[in-house]
Amino acid sequence: MRRLVFITQAVDPEHPALAATIPKIRALAARVDELVVLAQSASGNGLAANVDVRVFGSSARAGRGLRFERELARSLPAQAVVAHMIPLYVLLAAPLVRPRHIPLILWYTHWNATWKLRAAERLATAVVSVDRRSFPLESSKVRPIGHGIDVNEFPCIDRSGRNGLRALVLGRYSPAKGIETILRAMRQVDGVEVELRGAALNELERRHREELAGLGFPLGDVVPRAQVPELFARADVLVNNMEAGAPDKVVYEAAASCLPVLASNPVFDELFSGYPLRFERDSPESLAERLRWFASAGDAERAEIGRTLRERVARNHSVDSWADGILKAAA
């Protein structure tokens with residue numbers, strides 16, 4: 001492919017969440033002659049020479065729209081245009097892209113089925129997501145391509161010889177994360193130490209963090225993305241209770257570091273196959289039972305689980321297989 005246009009919110013290697021887009025951009029760049037990245041904001045990116053980052057951000061919504069159209073027009077013709085996670089990008093791009101018969105691809109993995117998403121699904125030539133269940137609309141356009149994890153970013157850690165059980169909860173302080181259920185389960189299990197790390201990015205999340213503080217556990221702040229492997233290294237298990245419909249990326253990242261995971265989302269059935277790692281989302285008792293089981297597991301069993309999860313992420317959710325899936329959808 002000669003030129004690919006990739007539209008995303010930000011190019012920021014320091015952002016605790018959006019920095020995960022950088023490996024995806026690098027993997028795409030390795031497969032095309034030229035990659036044009038349109039972003040609302042960008043900072044020092046350290047990307048390859050064939051990546052051209054163009055910013056369309058503006059303090060006014062109308063200004064962003066005008067700059068978006070201008071930068072996209074400058075980026076065409078291209079062999080494909082990919083909109084990353086934001087359906088509005090498809091709506092804005094379609095009038096310029098579709099009349100030229102250029103493939104317009106939407107990457108989306110969330111439960112929120114807005115009117116913009118419904119319109120974007122109709123306008124896109126293909127929709128790519130982690131799993132068919134991670135796209136909230138019924139559509140023949142959906143192609144599952146995995147989550148796009150840079151496995152090399154997360155070394156496999158030997159956790160043998162440790163005492164007790166250290167659980168990690170990582171993500172935003174959003175009600176959708178089900179953290180209250182996790183903390184109520186922790187109260188029921190002796191010998192478990194829990195570390196919570198996350199951000200509260202809006203008023204709803206700030207209020208929810210205050211509510212969680214009433215449960216008596218220390219609530220840590222978000223850490224820079226470069227420190228996430230350190231969090232995984234000192235934990236024995238990640239606990240994730242994200243609402244079904246959005247396969248939380250942190251589960252795959254933890255698995256890539258050979259960190260066993262307990263999660264409630266049924267979308268992880270393939271990742272967890274053969275191991276009792278799932279619990280009922282709204283049941284602290286269910287999670288407490290899983291924690292007791294995991295605490296009783298020996299070093300060899302825990303290591304086997306961790307290695308198997310990493311192998312499955314590398315096979316089905318690597319950033320390379322993700323980039324191949326994007327290009328296949330655009331063909």
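This is a short tour of a predicted model, with stops at a disulfide, a cis peptide bond and two residues with positive phi.

**Stop 1: the disulfide**

Select cysteine 156 and cysteine 258. The structure holds one disulfide, and these two residues form it, with their sulfur atoms 1.9 Å apart. Look along the S-S bond: the angle about it is -110°, and the link is left-handed.

Now show the secondary structure around both ends. Cysteine 156 sits in the loop between β7 (142-144) and β8 (165-170), while cysteine 258 sits in the loop between α8 (249-256) and β12 (261-263). The pair links distant parts of the chain, 102 residues apart.

Is cysteine 258 buried or exposed? Cysteine 258 counts as buried because its relative accessibility is 6%, under the 20% cut-off. Cysteine 156 has 40% relative accessibility and so counts as partly exposed.

**Stop 2: the backbone at cysteine 258**

Stay on cysteine 258 and display its backbone. Its phi is positive, about 65°, although the residue is not a glycine.

**Stop 3: methionine 85**

Next, select methionine 85, another residue other than glycine with a positive phi, here near 75°. Methionine 85 is found in the loop between β4 and α3 (87-97). Its relative accessible area is 25%, so methionine 85 is partly exposed.

**Stop 4: the cis peptide bond**

Finally, select leucine 76 and proline 77. The peptide bond joining them is cis, with omega about 5°. Proline 77 belongs to the loop between α2 (61-75) and β4 (80-84).

Key: Residues numbered from 1 in each chain as written. Predicted model: local features only at pLDDT ≥ 70, side-chain atom pairs only at ≥ 80, totals over all residues. Heavy atoms only, no water. Disulfide = S-S within 2.5 Å. Helix = DSSP H or I, 4+ residues; strand = E, 2+ residues; numbered from the N terminus. Buried < 20%, exposed > 50% of the residue type's maximum accessible area, 1.4 Å probe, protein only.
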